[in-house]
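Trainee: Could you take a close look at one part of this protein with me? I would like to see how a single residue sits in the whole.

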Amino acid sequence: MKAEKKSRYDKAYLKIAREWGKLSYCKRKQVGAIIVKDRMIISDGYNGTPSGFENCCEDEDNLTKWYVLHAEANAISKVARSTQSCEDATLYITLSPCKDCSKLIHQSGIKRVVYLEEYKDCSGVDFLKKAGVEVAHISNLDE
């Protein structure tokens with residue numbers, strides 16, 4: 001795919017991920033993720049509590065509850081419950097992955113990660129690069 005067309009698709013999928021993140025009930029940070037394979041969206045996710053739990057993500061001290069799932073973990077979990085596979089897919093996410101989610105991304109077979117904002121800890125991105133996963137940071141969706 002030509003670079004200009006690839007950039008247009010990357011930005012479009014990131015915009016979808018951003019909209020998906022708005023569905024999160026988390027107050028501190030809303031994060032969205034989309035997994036794309038062969039130019040088809042095969043999964044989506046946003047940060048939140050597991051199925052069957054209350055939708056409140058923060059405790060009384062406004063700290064994130066330990067069992068809240070990150071957007072990319074939710075999206076990967078949905079694929080695991082389907083007939084799809086993440087092998088050679090691209091993950092579009094509004095916030096760069098943490099170190100724990102980076103392990104899931106690599107193990108799931110995702111080969112490319114495109115993100116919008118930088119997470120405070122870059123060790124997840126560093127791990128992905130070391131593992132051979134292509135990582136791209138797009139900071140402006142309007143250009």
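**A close look at one proline**

Mentor: Happy to! The protein exposes about 8500 Å², and carbon and sulfur atoms supply 49% of that (Shrake-Rupley method, 1.4 Å probe; for residues, only the protein chains shown count as cover). This is a predicted model, where local features need pLDDT of at least 70, side-chain atom pairs count only at pLDDT 80 or more, and totals for chains, interfaces and linings use all residues. Residues are numbered from 1 along each chain as its sequence is written, and side-chain values use heavy atoms, leaving out hydrogens and water.

Four helices and five strands make up the fold, in the order α-β-β-α-β-α-β-α-β (DSSP runs numbered from the N terminus: helices are H or I with at least four residues, strands are E with at least two). Of its 143 residues, 44% count as buried, that is, under 20% relative accessible area with a 1.4 Å probe, protein chains only.

Now to Pro97, which lies in the loop between strand E3 (90–95) and helix H3 (99–108). Pro97 counts as buried because its relative accessibility is 0%. Leaving aside residues up to four places away in sequence, Pro97 touches Glu72, Ser102, Ile105, Val113, Gly124, Val125 and Leu128, where contact means heavy atoms within 4.5 Å. Across the protein, residues 24 or more positions apart account for 50% of the contacts with a separation of 6 or more. As for Asp59, it is 38 residues from Pro97 in sequence and 23 Å away in space, C-alpha to C-alpha.

Terms used: Buried < 20%, exposed > 50% of the residue type's maximum accessible area, 1.4 Å probe, protein only.
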